[in-house]
Amino acid sequence: MGVALVLAGALLLVVSYVAGWTSSNLVLLGGLIVVILGVILHVRLAKAGEKY
């Protein structure tokens, strides 16, 4: 789930660059937030799956 969010955020950033939406901070900030949430979720799920 976390990796999927990271990929979705990265895809949003790439699409915004290709479409020329880089002048809008809202789109770029949204992509950054999705990537950060994905990393946090991935780390938490990985730690929860460990035995130690």
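The place of Ser-16 is in helix α1. This is a predicted model, in which local features need pLDDT of at least 70 and side-chain atom pairs count only at pLDDT 80 or more, while totals for chains, interfaces and linings use all residues. Residues are numbered from 1 along each chain as its sequence is written, and side-chain values use heavy atoms, with hydrogens and water left out. The secondary structure of the protein comes to two helices and zero strands; helices (H or I, at least four residues) and strands (E, at least two) are DSSP runs, numbered from the N terminus.

**Overall form**

- The radius of gyration of the protein is 13 Å, well over the 10 Å that the globule rule gives for 52 residues, so the protein is more spread out than a compact globule. The radius is taken over C-alpha atoms, and the globule rule is 2.2 Å times the number of residues to the power 0.38.
- Taken along the principal axes, the box filled by the C-alpha atoms is roughly 45 × 15 × 10 Å.
- Of the 52 residues in the protein, 10% are buried. Buried means under 20% relative accessible area, exposed means over 50%, and partly exposed lies in between (1.4 Å probe, protein chains only).
- Among contacts with a separation of 6 or more, 58% are between residues 24 or more positions apart. Contact means heavy atoms within 4.5 Å.

**How the two helices pack**

- Helix α1 covers residues 2-19 and helix α2 covers residues 25-48; they pack at an angle of about 165°, with their axes 7 Å apart. Axes are lines fitted to C-alpha atoms, for helices over the stretch in contact, and angles run from 0 to 180 degrees between N-to-C directions.
- That angle makes α1 roughly antiparallel to α2. Angles under 35 degrees count as roughly parallel, over 145 as roughly antiparallel, 65 to 115 as roughly perpendicular and the rest as oblique.
- The crossing of α1 past α2 is left-handed, a term used if the near helix is turned anticlockwise from the far one by less than a right angle, with right-handed used if clockwise.
- The residues of α1 that meet α2 include Leu-5, Ala-8, Gly-9 and Ser-16, and those on the α2 side include Val-27, Leu-28 and Val-34.
- By class, this contact of α1 with α2 has 15 nonpolar, seven polar and no charged residues. Ala, Val, Leu, Ile, Met, Phe, Trp, Tyr, Cys and Pro count as nonpolar, Asp, Glu, Lys and Arg as charged, and the others, Gly among them, as polar.

**Residues of helix α1**

- Ser-16 is buried, with a relative accessible area of 0%. Not counting residues up to four places away in sequence, Ser-16 touches Trp-21, Thr-22, Val-27 and Leu-28.
- Val-18 is also found in helix α1, and at 67% relative accessibility Val-18 counts as exposed. From C-alpha to C-alpha, Val-18 and Leu-32 are 16 Å apart in space, and they are 14 residues apart in sequence.

**Residues of helix α2**

- Val-34 belongs to helix α2 and is partly exposed, with a relative accessible area of 25%. Its contacts, leaving aside neighbours within four places in sequence, are with Leu-5, Ala-8 and Gly-9.
- Although 25 residues apart in sequence, Val-34 and Gly-9 are 5.1 Å apart in space, C-alpha to C-alpha.
- Leu-32 has its place in helix α2 and counts as partly exposed at 44% relative accessibility. Leu-32 and Val-6 are 26 residues apart in sequence and 9.1 Å apart in space, C-alpha to C-alpha.
- Ala-46 lies in helix α2 and is partly exposed, with a relative accessible area of 39%. Ala-46 is 44 residues from Gly-2 in sequence and 9.7 Å from Gly-2 in space, C-alpha to C-alpha.
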